[in-house]
Amino acid sequence: MNICARNIEKVYLQGESRIHALQETDLEIIPEKFSVITGPSGSGKSTLLRILGGLLCPTRGEVFYNDVSIYKLSAGRQASLRRKKIGYVFQDYGLLPTLTALENICTPVLMDNKKPDMEHILDLCDTLGIRERIHHIPSEMSGGEQQRTAVARALVNDPEVLFADEPTGNLDKQTAAAMIESILIAQRKYKKTVVMVTHDESLARKADFVFKLDNGCLVR
């Protein structure tokens, strides 16, 4: 799925002030590639990711998925697009604490009233290196294992695109590097488009494409 953003602006109102989080941003995400959005804190990285991922409507501009302007769709069609075509991973793992890793991974499938494909799920867990941890609850897992579980949950419905917002932010450097490698292995194996926000330049160097933001503007 091709993703294209045109003339994206995002303005937040803070009292009588207007905060320009993004200004006249244009970019294209190449299918089945690993793209990174980087830049200093407060540069608009997460705002751009959420707009690209259909989670935050821009003040101005359009985001196209295969030539369809997603923010012109009805709320129901937007929700269907997010559920069927997109996976999300955030810095906070967001796992349900009383459920096992396997139960957490199956949650999106069950919410869609579908039967979990256990062969696919176990293959995901093998690929991400958490097969031996699937019957553990989050408190019994390391941070890296919890985040890999979150990645498996994001991929369980076989989305075309995975959006990841600082997925290594709570991990130490060594665990973060291993985490990125597992995402790259999954991206190549399942032929996914991955768009990740990170402030870590060493992680950005692993990307096929890098988009750098500074003060809400893309640095060309």
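**Ground rules.** I am working with a predicted model, in which local features need pLDDT of at least 70 and side-chain atom pairs count only at pLDDT 80 or more, while totals for chains, interfaces and linings use all residues. Residues are numbered from 1 along each chain as its sequence is written, and side-chain values use heavy atoms, with hydrogens and water left out.

**Six-stranded sheet.** I looked up the strand order and found an open sheet of six strands, β6-β7-β8-β3-β9-β10, with mixed pairing. For the names I rely on DSSP runs numbered from the N terminus, with helices as H or I of at least four residues and strands as E of at least two; two strands pair if DSSP finds at least two bridges between them. The edges are β6 (86–90) and β10 (217–219), and each has a single partner strand, so one side of each is left without a neighbour in the sheet. The twist averages 20 degrees from one strand to the next, where angles run from 0 to 180 degrees between N-to-C directions and axes are lines fitted to C-alpha atoms, for helices over the stretch in contact.

**Around β8.** I then followed β8 on both sides: with β7 it pairs in the parallel sense over five bridges, V161 standing opposite T193, and with β3 it pairs in the parallel sense over four bridges. Is β8 buried or exposed? Five of its five residues are buried, so β8 is largely enclosed by the rest of the structure; buried means under 20% relative accessible area, exposed over 50% and partly exposed in between, with a 1.4 Å probe and protein chains only. T193, V195 and V197 point one way from the strand, and V194 and M196 point the other way.

**Four-stranded sheet.** I found another open sheet, of four strands in the order β2-β1-β4-β5, with antiparallel pairing. Its edge strands are β2 (17–29) and β5 (68–69), each pairing on one side only. Between β4 (residues 60–65) and β5 I noted two bridges in the antiparallel sense, with F64 opposite S69. Helix α1 (residues 45–52) packs on this sheet, touching β1 (3–14), β2 and β4, and its direction makes about 60 degrees with that of β2; contact here means heavy atoms within 4.5 Å.

**Cores.** I next asked which residues have the most contacts inside the largest nonpolar core. That core has 36 residues, and the answer is F34, V89, I105, I121, V151, L162 and M196; a nonpolar core is a set of buried Ala, Val, Leu, Ile, Met, Phe, Trp, Tyr and Cys residues joined through side-chain atoms within 4.5 Å. Among the elements that give two or more residues to this core are β3 (34–38), α3 (101–111), α5 (143–155) and β8 (193–197), but the largest share, seven residues, comes from α6. A second, separate core of 27 residues includes I3, I29, L81 and V197. Not counting residues up to four places away in sequence, V89 touches residues including Q147, V151, L162 and P167.

**Helices.** I checked α4 against α6: their axes come within 9 Å and cross at roughly 135 degrees. That makes α4 oblique to α6, because angles under 35 degrees count as roughly parallel, over 145 as roughly antiparallel, 65 to 115 as roughly perpendicular and the rest as oblique. In this contact D123, L124, T127 and L128 of α4 meet S182, I185, A186, K189 and Y190 of α6. Helix α2 (residues 75–85) lies across β6 and β7, running at about 75 degrees to β6, and α5 packs on the sheet, touching β6 and β7, with its direction at about 165 degrees to that of β6. The buried residues of α3 are A101, L102, N104, I105, C106, T107 and V109, and what covers them includes α4 and α5. Just after α3, N113 takes a positive phi of about 60 degrees.

**A loop residue.** Last, I looked up R205, which is in the loop between α7 and β9 (209–214). At 67% relative accessibility, R205 counts as exposed. From C-alpha to C-alpha, R205 and N157 are 29 Å apart in space, and they are 48 residues apart in sequence.
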